[in-house]
Amino acid sequence: MNTTHGERKIVSRLLAVLLSALLMVPLLSSCGGGSKVATPPPPVDDTVGRTVSDRTNQPQAKKGLGTGQKVAILAGAAALYYLYNQQKNSPKEGAQGKYYLSKNGRVYYRDGEGRAHWVSPPSEGIRVPESEAQKYREFQGYNRQTTGRDLTGLTSSPAPAL
C-alpha cells in the first residue's frame with residue numbers, strides 16, 4: 001500500500017513539473033529576439049506649413065493677346081484628387097513618386113523608408129486647363145467652391161497599409 005502512494009506522488013510531481021514547463025514556453029518564446037516582421041513605420045503628418053506646389057507641374061495660362069487658354073483653380077479635395085491622379089502610376093518613390101488614396105479620403109506617398117507622408121493641397125490652388133479640370137467639377141475646391149464631394153469612398157483598390 002505504501003508503494004502505490006509513493007508512485008502516485010512521483011507521477012503527480014513529474015506531471016506538475018511538465019505542465020509548469022509547458023506553461024513557461026509561451027512566456028520565454030515571447031521574450032526572445034525571434035524573427036521580426038518588417039512593418040512600416042507610422043505615418044508622418046508633415047502637411048503643416050508645407051505645400052505640394054513645388055512637386056507638381058502646373059500648366060500655366062497662355063500669355064499674350066490671343067484668345068488664351070481658360071484655366072480652373074483646383075483647391076481642397078479637387079486639388080488632392082488631381083495630384084493623386086497625376087502621381088498614382090509613377091515608378092519613382094518619395095515626394096516625386098507614387099501617390100496613394102487612403103480609405104479616410106486623404107492622399108499620401110511613401111518615402112524610401114516606407115513611412116507614409118500625408119499630402120496637402122497648396123493653399124493658392126492649382127491652375128489646370130479647364131478642359132482637364134472638368135472631371136473634378138463635383139469635388140470640393142473646384143474653382144474655389146466650398147461645397148462638393150470629398151475623397152472618402154473613392155478607393156477601388158487596396159493601398160499599402162499605413
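Colleague: Which residue forms a salt bridge with R149?
Modeller: This is a predicted model, in which local features need pLDDT of at least 70 and side-chain atom pairs count only at pLDDT 80 or more, while totals for chains, interfaces and linings use all residues. Residues are numbered from 1 along each chain as its sequence is written, and side-chain values use heavy atoms, leaving out hydrogens and water. A salt bridge here is a side-chain nitrogen of Lys or Arg within 4 Å of a carboxyl oxygen of Asp or Glu. With closest N and O atoms 2.8 Å apart, the partner of R149 is E138.

Colleague: How many residues apart in sequence are the parts that R149 and E138 tie together?
Modeller: Helices (H or I, at least four residues) and strands (E, at least two) are DSSP runs, numbered from the N terminus. Both R149 and E138 lie in the segment after α3 (130–133), so the parts that this pair ties together are apart in sequence by eleven residues.

Colleague: Is D111 buried or exposed?
Modeller: Buried means under 20% relative accessible area, exposed over 50%, and partly exposed in between, with a 1.4 Å probe and protein chains only. E113 is exposed at 54%, and R115 is partly exposed at 27%. D111 has 15% relative accessibility, so D111 counts as buried.

Colleague: Which residues are linked in a network of salt bridges?
Modeller: The side chains of D111 and R115 meet in a salt bridge at 3.3 Å, N to O. R115 also forms a salt bridge with E113, where the closest N and O atoms are 2.8 Å apart. The network therefore consists of D111, E113 and R115.

Colleague: In what order do the elements run from the N terminus?
Modeller: The protein has three helices and five strands. Read from the N terminus on, their order is α-β-α-β-β-β-β-α.

Colleague: Which residues is V107 in contact with, leaving aside its neighbours within four places in sequence?
Modeller: Contact means heavy atoms within 4.5 Å. V107 is one of the core residues that touch the most other members. Beyond its sequence neighbours, V107 is in contact with L80, Y84, Y99, Y100, L101, H117, W118, V119 and L151.

Colleague: Which residues make the nonpolar surface patch of about 470 Å²?
Modeller: Patches are made of residues with over 30% relative accessible area and no salt bridge; like charges are joined within 9 Å, and nonpolar side chains (Val, Leu, Ile, Met, Phe, Trp, Tyr) within 5 Å. Areas come from the Shrake-Rupley method with a 1.4 Å probe, and for residues only the protein chains shown count as cover. V25, in helix α1 (residues 2–31), is partly exposed at 48%. The patch is made by L15, L18, L19, L22 and V25.

Key: Core = buried A, V, L, I, M, F, W, Y, C linked by side-chain atoms within 4.5 Å.
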